[in-house]
Amino acid sequence: MNNSAKFRFPEVVKTPSRFRNPIGKYRLHRTEACETCGKCVDLCKYGVHVIRRGRVYIENSYLCVGPDCPSPCYEVCPVGALSCGKNPVFDQLGDFRWTPDLLVSTWRMAETGSVPLAGLEYKRGSSGGGFDKLRIVMKSGQTGQADIPDQDIDVSLQLNRRDDHGHRIKIHVPFYGGGMSYGSVSINTILSRIKAAKALGTFCCTGEGGYPDELKPYDDHVITQVATGLFGVREETIKRVKIVEFKYAQGAKPGLGGHLLGDKVTPGVARMRGAVVGHPLFSPFPFHSVYSVEDHKKHVDWIKAINPQALVSVKVSTPTDVDMVAVGSYYAGAHIIHLDGSYGGTGAAPEIAKKNIAMPIEYAVPKVHRFLTAEGVRDKVTVIAGGGVRTPHDVAKIIALGADGVCTGTADLVALECIRCHNCESGRGCARGIATTDPELMELMQHEWGTRRLVNMFLAWKKELVRILKRLGMTSIRELVGREDCLVHLDYMK
Amino acid sequence: MIMSEHQNISNIITSRKSLVKDLPQRSCFETVAEGGCGVTGFACSIPVRGKHIFEPSRQMHNRGNGRGGGIAAMGFDHRMLGVSEDILENGYILQIALLEDGVLDELERLFIEPFFNVDFSEALPHVDDYRDIRGLDVRPPDVWRFFVRVKPDVLKAFVDSNGLNGLRPRQAEDEFVFQNSFKINKMFYEAAGRQRAFVLSHGRNFFILKIVGYAEQVVQYYKLDDFKAHIWIAHQRYPTKGRVWHPAGAHPFVGLNEALVHNGDFANYHSVTEYLRQKNLYPQFLTDTEVSALLFDLYSRTYGYPLEYVIEALAPTMERDFNKLPAEKQKIYRAIQATHIHGSPDGPWFFIIARNNTENDRLELIGITDTAMLRPQVFALHDGQVQVGLVCSEKQAIDATLKSLSEEDPRVGTVADLYWNARGGSYTDGGAFVFGLEKNGGSLERRLTCADKFGSSVTVQEGQFPYLPGRVYYLMEDESRERFDIARFFDLQRPDLLFTYLKDGIRLWDYADLMDCLKEIRGWALKADAHFDVALDALTLLLDRRYPTYDKKRRSVLQMIAQTIETILRGLPSLMTQNEKGAYRKIDWETREFFRGPVHNEKVLIIDGSLFPPEGDHCDSRLMAEAYLRGWRRFIVFGLKGQRFHGCGFGPDCGGVRIDIYGSSGDYLASGIDGMTVYVHGNAQDQLGQIMKSGKLIIYGDVGQTFMYGAKGGEVYVMGNAAGRPLINAVGSPRVIINGTCLDYLAESFMAGDPLNGGGFVILNGVEFDNEGTVHPLDTPYPGANLFSLASGGAIYVRDPYNLIDDQQLNGGEIAPLDQRDWELILPMLEENQRLFGISIENDLLMVNAVKKNPLDVYRKVRPQQKDDIAKDGLEEWED
């Protein structure tokens, strides 16, 4: 992992949906009038039509880009057998933050390893706030570093910037997977994420539900979480990893601890956490042993006593005094400050908490960045921001605001074909077999498939980030850190 | 009368209006820095030197970060200050920190000369160059000290213009001094702007000093090593913000006659500030501690509340504790709460206050904990010719203070008579204790008393005498050197018999005999390993167990034994030497370089922890983990001063490892252990046994906050009490006996399965030892209002023959009678408990009022509410 010379990014392996009819934005219809002239097959560059045994089929309706198509088949069809309309399912998907466009384009990235060619708004949602109000400023006429080959653009990130003897860890993409616990998601989901992290030379966090033995082969790519419930945290799990994350709060629900409803506490989960089957599991909202910064330092010292080389990440939400929290964490010995904003959260976080507590991440990150800079310690600590990062453009924006890297969450699940139905917490029944511990539903997804999907999505992210950097005239993602001048906020444009 | 008092109060408050009316109205009050801290304080019946606050402060380094330290000293010998006794007693010590050159003249001209008669003034001596003090980066302020009284005509004008005629002259003078200092600060100090000077303190017979640095550097810089005072408090600050922070932001803060230090922070700083503003009080230094001092002063001086009511206003009595109060108190407390709840600090806090109670001519050291008990706190009382009352955030600071005191004055022992925790906002002790120093005739020596919030005093057993090394103990002429018949115990390898012999000896002998005998044992111990084992085992029993000490003070006996054990351990061969025979090897800070694995028949690694740092790469617990990897399996650690993390970092499956801990053990001990056995010989501190997976932990004393948080398993025996929040979020199969009780929140969110099928449980015996070493039940086995809240698994077995635990204490739990299977489950634990601590099942636990009872009638089981009760089948719409 430290041997970057040997590291190669994996290749994209096309990985289509695991369901029979993938959802697309448009739907093509072919009438009986079709004469099988094959014109549409030749014309369509998205591979919507196929010809088989003398008949033409619309095999991949979901790939159709609708009116964005430069040469629409339905206009060209000599007999007018083709018609195109919006897929009625499409508008039922998602919400303002995760628009149907974003969901479908993420699925597309997970399938193909590239951003969608046309027809989908893949850069932002339409929440009317947050990243959706920010734009990256691309000056017209600016060609940037167009002539530099993609592989020479550096998007890697050094995680240990303290001068101590902790592991020297470089991740090859500026993001890693945020915590999702065993119990809240299935083991296949966890394995997919971790195997993808390994392939991409980065990390993935276990969440607070323990450290299943299945993950042992990937120890070097695991961040284990020490959260307020201390579920599944044992000395050996801390010793096993290179990064330990303290979860003080979650951006989606600051002031509330983790919560696993009784129905999700299956025998497997109960065994992992040592709890009682069928009883809901609450994590307390604070660490009962940490009520102030000197307690926090003691807490960090403790982890270092168990695993002296481990990097310590401190995950906090974004209260108004987040800057002081960050600097306090740094002085207590943290290597990584992980700011968790409020746009994230799956269905398990209460709506009222998701929408009303904590400072928006786009305010918190610059605040922390400036404060740490003024304190003279900005280059000694890695700032990771997370919570509602959906697209490579979100990544670029948050880094330009002052983070070093990004932590992903919901986007991973979307790559695994989450449809954002917001029923993660209800019983065992994730309709897509992602956030479930039900043995039958879990089988809806295999981790080999999941791994490829995630690798594809993140490769697409990386490719897009490189494109953005080149356009901005930068050769390294580190140049982008804190470059607020590269951004514009639609409400405050001059 | 009542009306006029009310009028007085309101006049005082009105008189302050002119001070604050031109200050900016802010919509939101925020502290400019946050952070936690370490606090320590002690009161002594004789004035003692400032150097004794040095060591406890130094040991709390890891609770501060060197960006704010301060001390307060109270109760002086007038000769040390160069004034007459009358001036010291009656004058105000106005102490001003000067941050700019030349500011003094202006300040004197504007605020001192016109108003005060200055009896004496001087610049405080200090070290010439602050850089001579290691680690001190910011030059401390120059401090000027004035002994002042308000000029009579000025005071009269003040009284007349503000309608304060109803006040006693002294009250008016107090108020004048208070307001004048406010004006000084207002003019010369802007928290966020130019800072030229500020008032450190302005009360009688005490002063405050604070710097940007560590508290003990105050002592060094202002040369207080030899300066004597009755009460010392110190504060290490850990602000998170700012490379350079100003000394005025450091603690202690002053009201008028009280200095307050604080550990924790408030969640409602804004609302407390708003509340104070209604009383025309306005914080000037933007920290929550300052508002605490203002609150305290408001209640005690302006409103004239007795201390009990001040404490109630700060830490209200809630819930079940409130219901347990007598009706009369409930009425008053309700009124206090209704009036002052908006000013009640919310959030984790613990105050230590040094107060000159001038009305009653008493000096006081007060510790108050918040209702939720979120900060660690320990009180201790040392009685004897020199009495000391101590209150600290950690026990290690108490130990350090006593050690420091005893080195100078052997009348002070290294062990206190009593150690205890306060239960915040409770009906039992009110969460606060007051050490009072009463005048004792004309001499400097005062008499120390200790009482809780309600005034019930804390006393030690009478009729026992401490060991006084100054006294000469003669050997009788016919006594031979070998007068102790102990050889046989070593020959027979019977430490238990040696223990009994010594126990009897304590009754028959005087201190000199005991000392001689211990000396002889020491001689034996160093002869051979087998003898060493016998000696150590017997002495450790003497240290751990409770037995009558007759005319001797237990603390003196313990001190001798602890010293003997230390001397024996120090005498063992060092790890440096290669050719020694025997299984024991010692390592200390100096010889740590020679660290190696065991060779030949070396078996036990003895670690002298005294000089190791408390945490970090070079701490002794890290060394132990390394030693484990190199093959050591048996450890004895001694000489500790709060070093942390012992037993951590060994990794999984450490069966066969045994650690014995002597001395002031530190936080996080045995956190995460898996399989090893740890003996703590004495009281333990906070956060023990967190996430512990398996193994055995035995504590011969009390244990601190959040004990076994998130534990997964293990077998644990606690001889005494646990402080707040033991076993929160514990899962799996932890099995714990607590022989005393807990402050509150025992086993919240306990999830440890079904105890009858391999799950976990807690046995709460609710007993204590008296001075004779016999076991007595406590008034109630569990005083807290929250027992087993929100638990979904496991059980608590409470020894509660009188059914004192009631439903009010449960939230999601239910009380069930014990059945035979439960008894069979807990019996083996109780047997081991009997073996370890001498708490007999037959004679102590099952004995109720001298009658032996059936266990099923003595113990009760608290278990999670059975699901069937809550979840009906959904059909019933109406029940009758």
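In this predicted model, helix α3(A) packs against α14(A) through a set of named residues. T106(A), M109(A), A110(A), E111(A) and T112(A) come from α3(A). They meet R453(A), L454(A), N456(A), M457(A) and A460(A) of α14(A). By class, this contact holds five nonpolar, three polar and two charged residues.

How do the two helices lie? Two packed helices are described by the angle between their axes and the distance between the axes. Here α3 spans residues 100-112 of chain A, and its axis comes within 6 Å of the axis of α14(A). The axes cross at roughly 105 degrees. Angles of 65 to 115 degrees count as roughly perpendicular, so α3(A) is roughly perpendicular to α14(A).

Helix α14(A) has another partner to follow. The axis of α11 (residues 392-401) of chain A comes within 8 Å of the axis of α14 (residues 447-472) of chain A. This time the crossing is at roughly 50 degrees. That angle makes α11(A) oblique to α14(A). The crossing of α11(A) past α14(A) is right-handed. On the α11(A) side, the residues are P392(A), V395(A) and A396(A). On the α14(A) side, they are W461(A), E464(A), L465(A) and I468(A). Six of the residues in this contact are nonpolar, one is charged and none is polar.

Now step back to chain A as a whole. It is divided into domain 1, residues 26-86, and domain 2, residues 150-492. The C-alpha centres of these two domains of chain A lie 43 Å apart.

Next comes the meeting of the chains. On chain B, 52 residues are in contact with 36 residues of chain A. Two elements of chain B, β1 (35-49) and α21 (620-629), each give two or more residues to the side that touches chain A. The element that gives the most is β1(B), with four residues. By class, this side of chain B has 14 nonpolar, 23 polar and 15 charged residues.

Y282(B) sits in the loop between α10 (269-278) and α11 (288-302) of chain B. Is Y282(B) buried or exposed? Y282(B) counts as buried, because it has 20 C-beta neighbours inside 10 Å. What does it touch, leaving aside its neighbours within four places in sequence? Y282(B) is in contact with V20(B), L23(B) and R277(B). L19(B) is 263 residues away from Y282(B) in sequence. In space, the two are 9.0 Å apart, C-alpha to C-alpha.

Methods: Residues are numbered from 1 along each chain as its sequence is written. Chains are lettered from A and ligands numbered from 1 in the order in which they are written. This is a predicted model: local features need pLDDT of at least 70, side-chain atom pairs count only at pLDDT 80 or more; totals for chains, interfaces and linings use all residues. Two residues are in contact if their C-beta atoms, placed from the backbone, lie within 7 Å. Ala, Val, Leu, Ile, Met, Phe, Trp, Tyr, Cys and Pro count as nonpolar, Asp, Glu, Lys and Arg as charged, and the others, Gly among them, as polar. Domain bounds come from an automatic or database domain assignment. Axes are lines fitted to C-alpha atoms, for helices over the stretch in contact, and angles run from 0 to 180 degrees between N-to-C directions. Angles under 35 degrees count as roughly parallel, over 145 as roughly antiparallel, 65 to 115 as roughly perpendicular and the rest as oblique. A crossing is left-handed if the near helix is turned anticlockwise from the far one by less than a right angle, and right-handed if clockwise. A residue is buried if 20 or more other C-beta atoms lie within 10 Å of its own, exposed if 12 or fewer, and partly exposed in between; C-beta atoms are placed from the backbone.
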